Amino acid sequence: MVEDTKSNEILFSYKKCLEIGLTKSLDAPLISLEEEEMKRKLQENKKLIKVFRKCVNKVRAQLKNRYIFLLVDSEGYLLDVLYNRKIYKKISWFYS
């Protein structure tokens with residue numbers, strides 16, 4: 001039952017990504033901000049980012065060193081990324 005729910009959530013998320021143009025071949029963000037605007041957005045969300053980091057730090061020991069958490073705002077702007085260094089190579093495409 002739990003596995004079915006996870007599978008359904010993953011499929012729903014994948015379908016949603018395809019609908020807005022996020023595909024595996026995407027090599028650059030669909031949207032981006034100028035540096036000053038990004039600084040403003042990060043400052044605006046400072047409390048949220050702090051809570052995000054605190055929550056991830058509480059659970060990361062239970063995740064067997066295989067995790068990546070992305071914090072995005074309601075507009076889809078990436079605010080923070082927390083991940084285990086052991087999987088960095090698998091997500092390095094994210095930063096290129």
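**Charged pairs and a ring pair**

The side chains of aspartate 80 and arginine 53 form a salt bridge, at 2.6 Å from N to O. This is a predicted model, where local features need pLDDT of at least 70, side-chain atom pairs count only at pLDDT 80 or more, and totals for chains, interfaces and linings use all residues. Residues are numbered from 1 along each chain as its sequence is written, and side-chain values use heavy atoms, with hydrogens and water left out.

Q: Why is the contact between aspartate 80 and arginine 53 called a salt bridge?
A: The rule asks for a side-chain nitrogen of Lys or Arg within 4 Å of a carboxyl oxygen of Asp or Glu. Here the N to O distance is 2.6 Å, so the pair qualifies.

Q: What parts does this pair tie together?
A: Aspartate 80 sits in strand E2 (residues 78–83) and arginine 53 in helix H3 (residues 46–59), so the link joins parts 27 residues apart in sequence. Helices (H or I, at least four residues) and strands (E, at least two) are DSSP runs, numbered from the N terminus.

Q: How do you know whether aspartate 80 is buried or exposed?
A: Buried means under 20% relative accessible area, exposed over 50%, and partly exposed in between (1.4 Å probe, protein chains only). Aspartate 80 comes in at 8%, so call it buried. Arginine 53, at 41%, is partly exposed.

Q: What makes lysine 39 and glutamate 35 a salt bridge?
A: Their N to O distance is 3.4 Å, so they pass the cut-off too. They are four residues apart in helix H2 (residues 35–44), which puts about one helical turn between them. Lysine 39 is partly exposed at 45%, while glutamate 35 is exposed at 56%.

Q: Why is the aromatic pair of tyrosine 67 and phenylalanine 69 called tilted?
A: Rings of Phe, Tyr and Trp (its six-membered ring) pair if their centres lie within 6.5 Å; planes under 30 degrees apart are stacked, over 60 edge-to-face, and the rest tilted. These centres are 5.9 Å apart with 50 degrees between the planes, so the pair is tilted. Tyrosine 67 is buried at 10%, and phenylalanine 69 is partly exposed at 26%.
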